Amino acid sequence: MNLQCVVLQSDCNNCGGILIQYESAAGLCPSAGTVLWRRLRNSVYGCSWRRCSCLFVCLSVCVAFCSNGVEPSSRPAAVRQTPALPDAAPTAHKAWESEPLESHRAVRHTAEGSDALTCAQRDRTLVRVQELTPHRGGQLVWVRARIHTSRAKGKQCFLVLRQQQFNVQALVAVGDRASKQMVKFAANITKESIVDVEAVVQTVEQKIESCSQQDVELHIERIFVISQAEPRLPLQLEDAVRPETEGEEEGRATVNQDTKLDNRVIDLRTTTSQAIFRLQSGVCQLFRDTLINKGFVEIQTPKIISAASEGGANVFTVSYFKTSAYLAQSPQLYKQMCICADFDKVFCVGPVFRAEDSNTHRHLTEFVGLDIEMAFNYHYHEVIDSITDTMVQIFKGLRDHFQTEIQTVGKQYPSEPFKFLEPTLRLEYREAVAMLRAAGVEMGDEEDLSTPNEKLLGRLVKEKYDTDFYVLDKYPLAVRPFYTMPDPNNPKYSNSYDMFMRGEEILSGAQRVHDAQLLTERALHHGIDLEKIKAYIDSFRYGAPPHAGGGIGLERVTMLYLGLHNVRQTSMFPRDPKRLTP
Amino acid sequence: MALKELSSLEKCLGLKKPNKYSTQGERKVPVLQNNNGPALVGLVTIASHLVHEAKRTELLGNSAEQRAVVQQWLEYRITRLDNCSKEEVKVILKELNQYLEDKVYLAGNSFTLADTLMYYGIHHIIMNLAVQEKEKFLNVTRWFDHIQHYPGVRHHLAPVVVLRNRVYPSGQH
């Protein structure tokens, strides 16, 4: 260690030895991070942390020591940023050179010892649990994870450490590394606490079935609690992940959906929830990527609007300074205005607010809408083809890149894999009515499909064509909103379409009326107050291309792709008529 | 209701001359006034009489055992099926489903009066079942479809559509 030091004076006041002053140099024990020292021999000090072997120089502090080893009478001064020599630096008689310093790092300005600890811990390279595989066998690693379970057995304590979807078994055993108190300490750490462990990765002969990392086990040497969890958890994660059927058969606990939603933070830690939301993120990303590749432009539309777009019944009112405004039920109007503004192909991803008092498995008051609008050249089927192609790309992307997530969800909520055809199956409404009649359902030609009929139709289509995703084209005009373009060949039908996944509707779309005159007629026909939609009609007065589009609900698509039964499972913090928190 | 059944039965049996029935009591039990002998009261009684008249006694069963089973089902029709409540419907369908698991006809191996009268009695229930429920009680649906297509049986009743393939795979709800 090269220690620059200076001889202060030739005799110490206390004992008459030579007083030596060390020149400050930045350094602190990388293991301990504290300024601890023990005297090795004259004028050389080393780290007194038990097993650390590095030698160091005291930090930014000049301390005078007597060469006979009398301890300084005053404590070292506070750590300073820049090395400083005391003013009383008298004649330097000699520079002492000793062994080279092993490790020597610049110290960040810290106030006290505990923060110096953080700097040292930054020298710990944390390894992800995912990377604990046999090829790391024998290595000493640091891991930060949560305690998933702990089980003490006399001289040993088995822990399962969990990090997102991955978990690994860890063992604290009484030995030369760990004492009995340490085993007891480890056993008493509450579940879900975040811990840092330093452990040796050991390969095991017998696979550990219950963990994701099946071939290795950690033998813990040191364990620190970073953040402690309260002992009584509102729900147990094993219960939250248990499938319903297993719970019934074996009589073990499962967690109610309401409890899960009330304690969403803990419920979201389960492997199933992590998988669901990673898949949902994938849906969103695939949607964006596919459309950008097709030449679409992403837009953001306002959510505070002046007039309810789809009728006044299902809209939230907000107070807007001295008047009131509404939360947008769909970005419909603004998408169309963008088309009239020559953006040609647009899409937007944003929240949609529907104040429907529907307490069903598939309705939320706030959800994420993925909306598309496109101007077409000759026929609105170009738009249908574009939308279905986007959906097929999304399904393919999920199938190819998210298999782990799909399998994880399938463990708790088993379902059939999602099937689709390429090109997408397109049926006309008339054919669908005929199929339903053949199955014994009585319905009129221009009647809308009720939910049970939609589901039955889904099953009939699945049985006949073997697909879970299809388009129903040419709906009757009477059941569609006023801005839907009527079918030029048959006035009873319209150029509108719905798309279904597993028998449930995910998209409602149509060719829009782009002629202001015709739009006014249709609005009057539906008995809508023209004053309220004046701005909307005006946007078509200055040349508007023929266009069509549609919107899907992100949560519904994820739910139906995975075959889940409640849309609240795919909404991170769901909102429905009865739930406003968390 | 019962009168329509009896007239259908007559056509089914090939009786040329339709009889005049009257009803008795608040439950509208059919009564057949005969020239010789006391009045016949009750659906099953009259039905059996008609079968004898048409000389189609095989419809009441060939062997003693079959005859007994036919009588059992005729009684079942009157006592359990007629005027049953909604909860009982599920129980009846479940019982029938279990019974019909390994049988083509209700009694023995041939078509009998029991099949006809049970078909008339259960028709209004089956007509209102959803496709999924029809698949749940698969044996009842199979038997029902078989009987309703039997020549001459279905007169005054609407045909119930039964899909050829299973639309709901087993185990799914």
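In this predicted model, A:V471 stands opposite A:M499 in strand β19 of chain A.

How enclosed is β19(A)? Six of its six residues are buried, so the strand is largely enclosed by the rest of the structure. In a regular strand, side chains alternate between the two faces of the sheet. Both faces of β19(A) are covered. On one side sit A:S496, A:D498 and A:F500, and on the other A:Y497, A:M499 and A:M501. Each of these residues is buried, meaning under 20% relative accessible area.

β19(A) is part of an open sheet of eight strands in chain A. The order is β11-β15-β16-β21-β20-β19-β18-β17, and the pairing is mixed. The edge strands are β11 (297-298) and β17 (425-428) of chain A, each of which pairs on one side only. Further in, β20 (residues 504-511) and β21 (residues 547-553) of chain A pair antiparallel over five bridges. There, A:L507 stands opposite A:I552 in β21(A).

Helices pack on this sheet. Helix α12 (residues 451-465) of chain A touches β17, β18 (469-473), β19 (496-501) and β20 of chain A. Its direction makes about 115° with that of β18(A). Helix α15 (residues 554-562) of chain A lies across β16 (366-375), β19, β20 and β21 of chain A. Helix α15(A) runs at about 65° to β21(A).

Chain A has another set of paired strands, built around β8. Strand β7 (residues 156-163) and β8 of chain A pair in the antiparallel sense over eight bridges. A:Q156 stands opposite A:A173 in β8(A). The hairpin of β7(A) and β8(A) has two residues between the strands, and A:Q164 takes a positive phi near 55° there. β8(A) also pairs with β10 (residues 216-227) of chain A. This pairing is parallel and has three bridges. Strand β8 (residues 166-173) of chain A is mostly covered, with six of its eight residues buried.

Cross to chain B for a helix. α5 (residues 113-127) of chain B has 15 residues. From first C-alpha to last, α5(B) reaches 21 Å, close to the 21 Å expected at 1.5 Å a residue. Yet α5(B) has a kink of about 40°, centred on B:G121. This helix is mostly covered, since 13 of its 15 residues are buried.

How far can chain A be trusted, by the predictor's own confidence? Its average pLDDT is 81, and 78% of the residues score at least 70. Over residues 22-67 of chain A, pLDDT stays under 50, and the model has 144 contacts beyond four places in sequence for them. Over residues 69-115 of chain A, pLDDT also stays under 50, with 83 such contacts.

Note on methods:
Residues numbered from 1 in each chain as written. Chains lettered and ligands numbered in written order. Predicted model: local features only at pLDDT ≥ 70, side-chain atom pairs only at ≥ 80, totals over all residues. Heavy atoms only, no water. Helix = DSSP H or I, 4+ residues; strand = E, 2+ residues; numbered from the N terminus. Expected span 1.5 Å × (residues − 1). Bend = angle between axes of the 7 residues up to and from the residue. Buried < 20%, exposed > 50% of the residue type's maximum accessible area, 1.4 Å probe, protein only. Pairing = 2+ DSSP bridges. pLDDT = per-residue confidence, 0-100. Contact = heavy atoms within 4.5 Å. Axes fitted to C-alpha atoms, helices over the stretch in contact; angles between N-to-C directions.
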